[in-house]
Amino acid sequence: MIEYVWLIPLFPAVGFLINGLISRWWKLPKGFVAWVACSALGLSFLFSLLVFLDLLKLPPEARVAVPDKVLFDWVVSGDLKTVIGYKVDPLSMVMALVVTGVSFLIHIYSVGYMHDDPGFTRYFAYLNLFVFMMLNLVLANNFLLMFLGWEGVGLCSYLLIGFWFDRDAPANAGLKAFVVNRVGDFGFLIGLFLIFSKLGTLTFDEVFARAHLLDPATATLITLMLFVGATGKSAQLPLYVWLPDAMEGPTPVSSLIHAATMVTAGVYMVARCHVLYEMAPLSMAVVAIVGALTAIFAASMALVQVDFKRILAYSTISQLGYMFLGVGVGAYSAGIFHLMTHAFFKALLFLAAGSVMHALAGELDIRRMGGLREKMPVTFWTFVMAALAIAGIPGFSGFFSKDEILWNAFASPKGHFVLWLIGFVTAGMTAFYMFRLCFMAFFGSFRGDHETWHHAHESPPVMTIPMVILAVLSVIGGYVGIPHVLGGHNYFHEFLAPVFGEAPKVEHVSLVPLAWAGGHAAEVGSEAVLELTLMVLSVAMAVFGILLAWVFYLKRPEVPQKLAEAYPRAYRILWNKYYVDEIYGALFVDGTRNFGTVLWHNFDEAVIDRTVNWIGALMRVMGAGLRLFQTGFIRDYALGILLGAIIIMLFLL
Amino acid sequence: MIPVSLYMLLGALLFSIGILGVLIRRDAIVIFMCIELMLSAVGLTLVSASRYYNGLDGVIVAFLGMTVAAAEAAIGLAIFVLLHRTYKGIKVDEINLLKG
Amino acid sequence: MILQWIVFILSALFAIFSALMMITRKNPIHSALFLIGNFLSVAVLYILLGRQFIAIAQVMIYAGAIMMLIVFTIMLISVEELKKVSLLRFGAGGVIGLVMTVLLFGFLASSVAVRTLPGLKGGFPLERIQELGPFKVIGGLLMTKYLLPFELASVVLLIGIIGAVILAKKER
């Protein structure tokens, strides 16, 4: 079954071709389009599952040694030889399962959500194309194919964000996303060029086998450049600005692309290239620091937003920061674990947002919501599940993944107490803003107009069933990774361990060797106790955040207002998102435009146009001069012939 | 035996006189006659060369040139007749329709 | 021998004389007559060279057909007799023309008189021509070695005929 891994990306590609091409000539019925798109994803997921099960049959050491499935040669030019080839190993299969599974559920949801949209067929065509590109990204066995997927998802993101392109805001948002992504991709390309020029190959297996030939400086440069690409794609500082604007796209798009799949590509890339990152401690520090700072930075902005989807967008940026923090301190499987659980609950949160929008005819301002739990019980309960998961309440999936990251931030040799502290505070903020959203939208009394309240209704099953499934996953999805400290068996870590070169950890509690230098492990004594303590602390922080939200928005709603008035400057900075967009606009957008204008006037007009005009004038002058010879009198021409003959004779002499 | 170079010199002289006539005269017909003179002079040169080489190729070429001269005369004079309808008394100094 | 020289000198002088006369006459008919004289003297020179055929052709075609055409045309379009002597275009153009003509003649003459002429010797000395028959050899050559030019010449004549007829037709 493993040889059929190439079918996994193929199905969505075929779906895209069918929906995208045929619809140019014949109008396809909605049922047909929906069936094609969803079954493409369904088959993709099925095959991912089959390949995964086949992989499980192999012993752990053999799982990373499965030969790549090569379809055909792609670019063969000089020394460069790349293929269209897919890699089957635990990491890629985890990613494939997450991508295909979540995509499948969102496709089904979209059938209901986009039902009345005239661009129904186009939407599903783009969505299938996106999944195809994403699968190429995660299954690729070489950097170039991964880059193809990397760019491809950026393209589909642009197409889907600007789906309603006849309006200004989505069109501009799509453009912003693509351009900012491009800036990141530039760094990524530099990294690729360096890898090829130093190691002579772009295939993963070969690159990682030869990686030890790199000197630390080059390795640092390569990894930093690759990380620049990741900041663009995964919306970290400083290239996160496109993600909040990307909320202009249809909500299922936000759910799939900007929560579960595309934005996680950067994390996957760092995890895949861990061999290179291990050689460059500086880069890993950068990754971890950027991740942590992004986490707290984005969370701070989410505290005051009033747009339902924007809050979720900043939350996504923040949680991505956590994932980078995880891989930055060397806890690769922890980062991927959080990637998986986050996919479940964040996708669900966005789907719930879509459900609310569907009910309230497009309303997104939470100041005009309230008490929706009476009208939309399924949406409400699934939202609460996801919110509890993201807050890190024990028993839900987010708790396990987030805690593993925080523990590693504290205790890993590459970790640091400050990193843990930042993550810890952010966890509290996360719980706070998430439940602020929950309370303002679903509790209390409705603050909008009466008509909207009257029409509010629960979404149809085609939308609620995927949400329920995701809610179930948000709860139980974490149980594959219960840390040993709590007596569980971390299957997830064990499964991914061979990829990252760690020996799979087996059973008992205090595996963390005393020799680990990071953190205060030595002082406290036993690592297990330390881990439990930290766990308790973060749970307490989460509960504190929830309680604070309850107080602020249910018990005493006047408090937030008073706080805003008490610290107007701070509030305004947060409300305006630290003015980052304005700074970028003035610096880069206006700067580039002015530079272009200067060049236009001083170079294009003055130099080039002048030269061209001058040449034209020259031609005219020469013509006028030559015209004097054309008198029209035959005898002058006869004279000319004679003259020519004499000259020729001169030559013959 | 008259040296061939004399014949050729004579041919060159007649040719030059023909050219002089073309450059000097204003009347189109006379210019045409001068051109015929030039052609004849060339024929003389060719035939005298054939005598020098004891071959007959020069004669053939001169003969064919003569043929062409005849055809050219026919067409050229027809054109003159046509032109006469527009410009009475064709004076080449006045016709400058080719002026660029 | 002497006879040949005398005939040559006389014919050459007459040729030059008639050419000069031709280009300086006011009356175009006079020019035409002098040109006829020039052609005839060239025909004499051809006989002197032993090429009877071309001599006859010269008289028939040049002095006969072409000159007749020219005379007819002069009469047809009644070219005026030029009143003034300034038929000659003196002035910058004329002087330049004269200079260049002299130059040209100088070049031609120098190339003829100074060097011996290179080239192959053909296979038709006078005796052989006499032996085979002067017209027969020309005919033979025209039909074998120079067949293509011969045919093309006939095409040219055809074009001449057609062209002349078309051009001189009266407009309907």
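**View 1. The contact between chains B and C.** In this predicted model, 58 residues of chain B are in contact with 74 residues of chain C, contact meaning that C-beta atoms placed from the backbone lie within 7 Å. Residues are numbered from 1 along each chain as its sequence is written, and chains are lettered from A and ligands numbered from 1 in the order in which they are written. On the side of chain B that touches chain C, α1 (4-24), α2 (28-53) and α3 (57-86) of chain B each contribute at least two residues; helices are DSSP runs of H or I with at least four residues, numbered from the N terminus. The largest share, 22 residues, belongs to α3(B). By class, this side of chain B holds 42 nonpolar, 10 polar and six charged residues, where Ala, Val, Leu, Ile, Met, Phe, Trp, Tyr, Cys and Pro count as nonpolar, Asp, Glu, Lys and Arg as charged, and the others, Gly among them, as polar.

**View 2. The contact between chains A and C.** Chain A and chain C each give six residues to this contact. On the side of chain A that touches chain C, six residues are nonpolar, with no polar and no charged ones.

**View 3. Helices α16 and α22 of chain A.** Helix α16 (residues 332-359) of chain A packs with helix α22 (residues 461-476) of chain A at an angle of about 150 degrees, the axes being 9 Å apart. The two helices are therefore roughly antiparallel, a term for angles over 145 degrees. Their crossing is left-handed. Among the contact residues are F344(A), L348(A) and L351(A) of α16(A), and M463(A), M467(A) and L470(A) of α22(A). The contact comprises 12 nonpolar, two polar and no charged residues.

**View 4. Helices α16 and α18 of chain A.** Helix α18 (residues 377-391) of chain A packs with α16(A) at about 145 degrees, and the axes lie 9 Å apart. The crossing of α16(A) and α18(A) is left-handed. Contact residues include T341(A), F345(A) and L349(A) of α16(A), and T382(A), F383(A) and A386(A) of α18(A). Nine of the residues in this contact are nonpolar, four polar and none charged.

**View 5. Helix α9 of chain A.** Helix α9 (residues 216-233) of chain A has 18 residues and reaches 25 Å from its first C-alpha to its last, close to the 26 Å expected at 1.5 Å a residue. Of its 18 residues, 13 are buried, so α9(A) is largely enclosed by the rest of the structure; a buried residue has 20 or more other C-beta atoms within 10 Å of its own. Just after α9(A), A235(A) adopts a positive phi of about 55 degrees.

Technical notes. This is a predicted model: local features need pLDDT of at least 70, side-chain atom pairs count only at pLDDT 80 or more; totals for chains, interfaces and linings use all residues. Axes are lines fitted to C-alpha atoms, for helices over the stretch in contact, and angles run from 0 to 180 degrees between N-to-C directions. Angles under 35 degrees count as roughly parallel, over 145 as roughly antiparallel, 65 to 115 as roughly perpendicular and the rest as oblique. A crossing is left-handed if the near helix is turned anticlockwise from the far one by less than a right angle, and right-handed if clockwise. Two residues are in contact if their C-beta atoms, placed from the backbone, lie within 7 Å. The expected span of a helix is 1.5 Å times one less than its number of residues. A residue is buried if 20 or more other C-beta atoms lie within 10 Å of its own, exposed if 12 or fewer, and partly exposed in between; C-beta atoms are placed from the backbone.
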